[in-house]
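Dear colleague,

Please find below the sequence and the structure that I am handing over to you.

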Amino acid sequence: MAIVGSLLKRGIRFGNIVASRKKINAFKQQKKTLSKLLAKARYTEFGVKNRFEDVLSSALFGKPYDFYEKYKKSVPVHDYNKIYNEWWHRSLNGEKNICWPGKIKYFALSSGTSEAASKYIPVTKAMSKAMQKTSIRQILSLGRYEDLPDKLYEKGFLMLGGSTDLNPRGSHFEGDLSGINASQIPFWFRPYYKPGQKIAAEKDWALKLQEITLAAKDWDIGFIVGVPAWIQLLMEKIIEHYKLETIHDIWPSLQVFGHGGVSFEPYRKGFEKLLARPITYIDTYLASEGFIAYQSRPGAPGMQLVLDNGIFFEFVPFNEKNFDSDGGLVENPETLMIHEVQEGKEYALLLSTCSGAWRYLIGDTVRFVDKAKAEIVITGRTKHYLSLCGEHLSVDNMNKAIDLVSEDLGISVKEFTVAGIAHESLFAHHWYIGTDNAVDPEALKVKLDEKLKVLNDDYAVERKHALKDIFVTVLPNSAFYGWMASKGKMGGQHKFPRVFKKNLIDDWESYLRNNNYLK
């Protein structure tokens, strides 16, 4: 087996040497990707109505940039409600050839908690193959990490996700995307895949964690993959059960953590206390709509967009010209292709994909940190930001402020959320901060306010005017996970919302009072 690991690593390194010498032509890759998508879907009902044939002809035979102008004129921008109500509901009911050829067999239930109802995101066979292809690329990119030993590639991959026992509904199956993907793991990968098919099918999250804990002593894990909150909970449970000092006492080969879904920074300090030595962290951007980006090299400041595998990207400048005060997209927003973006500016993502999403607002905002390498960081959500009076506070600002305050006060903050409220005829922010460490709420409040003023000039200005105050409520982490459990949102790709708006504020506070977290 050591020979297998050595050969595999050599092959990976050779592939990465070849790949690293290729210069990215983002525009050319994206034009080719869109052409393939249009060619495949041109005879669907959506493709016929929106004149895909004409757009494709322009891409193949017209001037270099004409195709995109034609695409923008032919295809409207969609948010979830628009595309579901007009198109996707028909695929959900079993109709074929609506937005993508054939019938849709799988629908991913979205992990978002900002909306009352779950979203049904189509997952086609083409998208499943595209996600597997990008996953393999990400594994191959590990060859660029020189300090990873050959034998690591023979170790187990623990992937902590939703149940693979999907719910049948009419002509399709539905469930968490991680469960859909795990149910289709290639046969050659199954010997390395943990927790294995039996435990992966378990729907009860608490029971799944217990079964993994009991089996952990029999596994030699080298890689773990999942949402930081759930991975940390599992590691704490294993350490407690076996009365260990660190997770390396039971998994000495553990060297790589592939994380995604939320910023890792709020979790890093508490996470690293569970380790005996440093490990390699790989940032991943995998959404229900597709595998969008991943960290492709050591020390990269961001994640590289996947430009040639079933997703065409557009970028909407995230400003008051294109979005209203609630984060809703205006009619006919300004949209850009990848060659038109600028580093340092914030954009909302539109996706056209091989799952039949067309100019679809995914709801995430990103910032380019290296345009030449097509590398981005996620800065937040279009509806998960606060701008009650022009303070323009993003999730990126919030994460950084919490990280700095945690460092200053010597505490570990796993979860937090913030709500905008009316106060003294104007406005205030109410923060709910999760930590199991003893901390003075007033000191935390002062520090948090100070950090936000440094990070965000608009916030600093409005704190002198319309944003009259901030309030901080310190809660145990169990309060956050209990609320998630009450919504059936434990595990998988689910994560706690960083901003509460509208009806969710009342629901959250009612939960806290009913469970004696608030007096």
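The notes below go through helix packing, then backbone features, then individual residues. Please bear in mind throughout that this is a predicted model.

**Helix packing**

I begin with a pair of helices, α16 and α17. Helix α16 spans residues 477–486 and helix α17 spans residues 503–514; their axes come within 11 Å and cross at roughly 115°. With that angle, α16 is roughly perpendicular to α17. The crossing of the two, α16 and α17, is right-handed. On the α16 side, the contact is made by Ser-478, Ala-479, Phe-480, Gly-482, Trp-483 and Ser-486, while α17 contributes Leu-504, Asp-507, Trp-508, Tyr-511 and Leu-512. By type, the residues of this contact between α16 and α17 are 7 nonpolar, 3 polar and 1 charged.

A second pair is formed by α2 and α4. Helix α2 (residues 26–41) packs with α4 at an angle of about 145°, and the axes are 9 Å apart. Here the crossing, that of α2 and α4, is left-handed. Lys-31, Ser-35, Leu-38, Ala-39 and Ala-41 of α2 meet Phe-52, Val-55, Leu-56 and Ala-59 of α4. The residues in this contact of α2 with α4 divide into 7 nonpolar, 1 polar and 1 charged.

Which residues of helix α12 (residues 265–272) are buried? They are Pro-266, Tyr-267, Gly-270 and Phe-271. These residues lie on the same side of α12, because they cover an arc of only 110° around the axis. The elements against which the buried residues of α12 pack are the following:

- the strands β7 (221–226), β8 (256–260), β9 (280–287) and β16 (415–423);
- the helices α11 (228–242) and α13 (395–409).

**Backbone features**

- Lys-194 and Pro-195 are joined by a cis peptide bond, with omega at about 20°. Pro-195 is in the loop between β6 (193–194) and α9 (197–200).
- Arg-51 is a residue other than glycine with a positive phi, near 55°. Arg-51 sits in the loop between α3 (45–49) and α4 (52–61).
- Asn-97, also a residue other than glycine, has a positive phi near 60°. The loop that holds Asn-97 runs between α6 (80–92) and β1 (106–109). Asn-97 counts as partly exposed, because its relative accessibility is 31%.

**Individual residues**

Is Gly-156 buried or exposed? Its relative accessibility is 7%, so Gly-156 counts as buried. Gly-156 belongs to strand β3 (residues 156–159). Although Gly-156 and Tyr-192 are 36 residues apart in sequence, their C-alpha atoms are 4.6 Å apart in space. Not counting residues up to four places away in sequence, Gly-156 touches Tyr-192, Asp-220, Ile-221, Gly-222 and Phe-223.

Met-398 is placed in helix α13. With 0% relative accessibility, Met-398 counts as buried. Once its neighbours within four places in sequence are left aside, Met-398 is in contact with Tyr-385, Leu-386, Leu-393, Phe-416, Val-418, Trp-431, Arg-498 and Val-499. By C-alpha atoms, Met-398 is separated by 39 Å from Ser-35, which is 363 residues away along the chain.

Lys-28 is located in helix α2. Lys-28 has a relative accessible area of 59% and is therefore exposed. From C-alpha to C-alpha, Lys-28 and Leu-307 are 9.4 Å apart, while in sequence they are 279 residues apart.

Lastly, Asp-218 is found in the loop between α10 (205–215) and β7. Asp-218 counts as exposed, at 59% relative accessibility. The C-alpha atoms of Asp-218 and Ser-91 are separated by 43 Å, and the two residues are 127 residues apart along the chain.

With kind regards

Conventions:
Residues numbered from 1 in each chain as written. Predicted model: local features only at pLDDT ≥ 70, side-chain atom pairs only at ≥ 80, totals over all residues. Heavy atoms only, no water. Axes fitted to C-alpha atoms, helices over the stretch in contact; angles between N-to-C directions. Helix = DSSP H or I, 4+ residues; strand = E, 2+ residues; numbered from the N terminus. Parallel < 35°, antiparallel > 145°, perpendicular 65-115°, else oblique. Left-handed = near helix turned anticlockwise from the far one by under 90°. Contact = heavy atoms within 4.5 Å. Nonpolar A, V, L, I, M, F, W, Y, C, P; charged D, E, K, R; others polar. Buried < 20%, exposed > 50% of the residue type's maximum accessible area, 1.4 Å probe, protein only. Arc of directions from axis to C-beta.
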